[in-house]
Structures are given as C-alpha cells and as structure tokens.
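Let's take a walk through this structure together, from the overall fold down to individual side chains. Have your viewer ready and follow along.

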Amino acid sequence: MEDRPMNEKMSLCDGYGRVIDYLRISVTDRCNLRCFYCMPASGIPFLPHEKIFSYEELLRIADIFINLGIKKIRITGGEPLVRNDVLYFIDQLGSRRSLEELTLTTNGTLLAECAHDLYSAGIRRVNVSLDTLNRKRYERVVGVDCFPLVLHGIETARVHGMRIKLNVVAMKGVNDHEFSEFVRFGIEKNIDVRFIEVMPHSGNTDIARDMYISSDEIFNALHKRFSLRPAENAARSTTARSFSVGESGIKVGFISAISHPFCAHCNRVRLMADGNFRTCLFSDSGINLKKVIERGARDEEIETAIKTAVMQKPFQHRLATTASALIMHRIGG
Ligand code: SAM
Ligand code: SF4
C-alpha cells in the first residue's frame, strides 16, 4: 500500500469522538515464561502457525492502520521476542516514516541479545515486566529461574540508549512489601516504574480476587516515603496516572483498570496474533482481520472493516462481565 502524504492522512475516530492513534500488536501467543497470574497453570493450547498472521499480512495491516492515522505501535505478545524473525518485522515497521513511535513490551529474557537490533530498528522505549526484585520470588512468579537474565537485558538495553519502564503487577502476599524498593531501584537505574492492578480472567479469578491491591493503596504507601507530584507532561490519553518522584527524573505510574478505569481518554486498539481485532482490552470487536485478508479483501475493504469496528468501540469497559473473555497472553496487555 502507498504511504499517504501527511496532509492526506485520516484520523481514526470512535463513536464518542475519541481519536484512536495507538495500536498494540500481539505477534504471538507463545511465551517462554509462565507467570501464574497470566497463563493458566493447567497449560495452554497455543495457536498453530497457520492460524497466526504472517509478517507479510501484519505489515500490510499495519500500513493500513498507519494510513488511517495510527501514530504509535507497541509490539507485544505472548513474549514477542520468542517469535522467529521478529527483529525483521520490527525493523520493517521501524522504517515506516509516518509512525511517530514504535515500542515494545517484553519479559526481558531475550532483551540482551536483541537490544542492538531493536535500537537499530528504531525502538527507543521498552516496557519490561518484572514483578519482584528477589531471584527466588521471581522464579515462583514466572516458573523459570532467569532473574539475572532479565536484569542483564535491562542493563544492556539501557547501555544501547533505550528508556526502560518496569511493569510491576501488584500482588498481595507476593510483592506488596517491595513497592518502595522498586522506586529506589528505579531512581538508582533511572528507570520508570509502573504498578498494574491485577486483572481477572477465566484462568486466575481466585488469584485476582485474593491478591488484588488497589493503586490507591500503593500510592498511599509510596507517598509516605517519596515526594510524588503529578507528572507535567503525562499524555492526556494515557490509561495510567503518572507522578514524578522528587527531583530524581523518574516517574511512577499506576494502571488501575479495576479501581479507576481511564476509558474516557482511551486512544488504543489491539490486534491479536490470530487476527482478532479488539477495540477494548475487555471486548472483542467480532472482526478477525486475518480472515478478512484471507477472503481476498482489498485495502479499502480492510479500512472500512477497521473503521466500522472502531466506531463501535465501547465507551467504557465492563470488566466484571467480560473477565472470562480476557486471555492476557494472547492479547498482550
Ligand atoms: N510477555 C510480555 C511481558 O510479560 O511483558 C508481553 C505480554 S504480557 C501479557 C503484557 C503485560 O500484561 C505484562 O506487563 C504483564 O505483567 C501484564 N499482565 C499479564 N496478565 C495480567 C493480569 N492478569 N493482570 C494485570 N496485568 C497482567
Ligand atoms: Fe509470558 Fe508476559 Fe504472560 Fe508472563 S506476563 S506469562 S511473560 S506473556
């Protein structure tokens, strides 16, 4: 598809007037870790290769989204870096001139070996998921003893010039005594830290109920120890509340999907590896863009399918009633 000149770019709007300019692409449902709050302990049937987007299909869809006004793309998974040749795909996306930002969410295990290529592809900011700073506890959370590998990945990415943000899923009885330590770690390493409320899905309802801690509780605990003031340049459309920590230069954020959903300013949509297009983390648009491609649709038809789905983006998520439909390792957070 031809890249439209900037002045001809459209903007993608939903039925409530929200401009949608942020796309998350989950390139795989596979992962090399088994975080107990994300993947069902009973194991998961992974999608067969023929059911997931080829890179050719993904690049075609990404170009259509970019022409519709998407300015930021985040690559996620499963674990995105486990998919073969993902660096080729990221490099191709990085060459799209109209894309203002290309980012990545990863568990960090393969970050050290990929950091150089990621930087060359244009990745400047990476979110790394790390729920504890204790090696043994980390192994209990993710099922694999690879804490040093993740620290090494973070360090290597930093050395290559990438800005890191830690994603910390807050869990009572697991890491609730480590929140201050995370902020101190962030200050020491010049890394932003973001605490995420644990969200329920069909495989973790007990965990999500018993381990839930609200962002307010975390904020109140941190506020006693650190000077937190609302971050000045926090994007209005962000779904996280963000605070500057004293004069350290780092930010602490809170994603409160349960206690304070920021749906009113939501600017994002999600594409899953199997083609499912989600206009909200918690609801399926009912459109599978891989199937649309396989039917031989022209770019214009794909554009129309996307615009129609986006018009129906719900104003607010209904987490309580849709939790069973949330399969985080497929959607990518
Ligand atoms: N594998 C990559 C990683 O872990 O960063 C990317 C995919 S992972 C699904 C994206 C984010 O979703 C991670 O930060 C993870 O901690 C978060 N996540 C997974 N399950 C969650 C849940 N039930 N509640 C809240 N966050 C969750
Ligand atoms: Fe894998 Fe990320 Fe899910 Fe952990 S949170 S199991 S690393 S997809």
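**A guided tour of the chain**

Of the 333 residues in the protein chain, 56% are buried, where buried means under 20% relative accessible area, exposed means over 50%, and partly exposed lies in between (1.4 Å probe, protein chains only). Please keep in mind that this is a predicted model, in which local features need pLDDT of at least 70 and side-chain atom pairs count only at pLDDT 80 or more, while totals for chains, interfaces and linings use all residues. Residues are numbered from 1 along each chain as its sequence is written, chains are lettered from A and ligands numbered from 1 in the order in which they are written, and side-chain values use heavy atoms, with hydrogens and water left out.

The protein chain has twelve helices and 14 strands; these are DSSP runs numbered from the N terminus, with helices (H or I) of at least four residues and strands (E) of at least two. Among the contacts in the protein chain with a separation of 6 or more, 73% are between residues 24 or more positions apart, a contact being heavy atoms within 4.5 Å.

Two single residues show how sequence and space relate here. Thr-76 lies in strand E4 (residues 72–76) and, at 2% relative accessibility, counts as buried. Its C-alpha is 4.6 Å from that of Ser-26, although Thr-76 and Ser-26 are 50 residues apart in sequence. Arg-140, found in helix H4 (residues 135–142), counts as exposed because its relative accessibility is 60%.

Which residues are around ligand 2? They are Cys-31, Leu-33, Cys-35, Cys-38, Met-39, Gly-78 and Asn-107, counted as near if one of their heavy atoms lies within 4 Å of the molecule. This shell divides into five nonpolar, two polar and no charged residues. In this scheme Ala, Val, Leu, Ile, Met, Phe, Trp, Tyr, Cys and Pro count as nonpolar, Asp, Glu, Lys and Arg as charged, and the others, Gly among them, as polar.

Next, look at a pair of helices. The axes of helix H2 (residues 86–94) and helix H3 (residues 111–121) come within 8 Å and cross at roughly 20°; axes are lines fitted to C-alpha atoms, for helices over the stretch in contact, and angles run from 0 to 180 degrees between N-to-C directions. That makes H2 roughly parallel to H3, since angles under 35 degrees count as roughly parallel, over 145 as roughly antiparallel, 65 to 115 as roughly perpendicular and the rest as oblique. H2 contributes Leu-87, Ile-90, Asp-91 and Gly-94 to the contact, and H3 contributes Cys-114, Asp-117, Leu-118, Ser-120 and Ala-121. By class, this contact of H2 with H3 has five nonpolar, two polar and two charged residues.

Finally, the charged pairs. Side chains of opposite charge can pair when their charged atoms come close. The whole structure holds 17 salt bridges, each a side-chain nitrogen of Lys or Arg within 4 Å of a carboxyl oxygen of Asp or Glu. One of them joins Asp-14 and Arg-18 at 2.5 Å, N to O, and both residues are buried. In another, the closest N and O atoms of Glu-57 and Lys-290 are 2.9 Å apart. Glu-57 lies in helix H1 (residues 55–67) and Lys-290 in helix H9 (residues 289–294), so this pair ties together parts 233 residues apart in sequence. Glu-57 and Lys-290 are linked with Glu-294 in a network of salt bridges.
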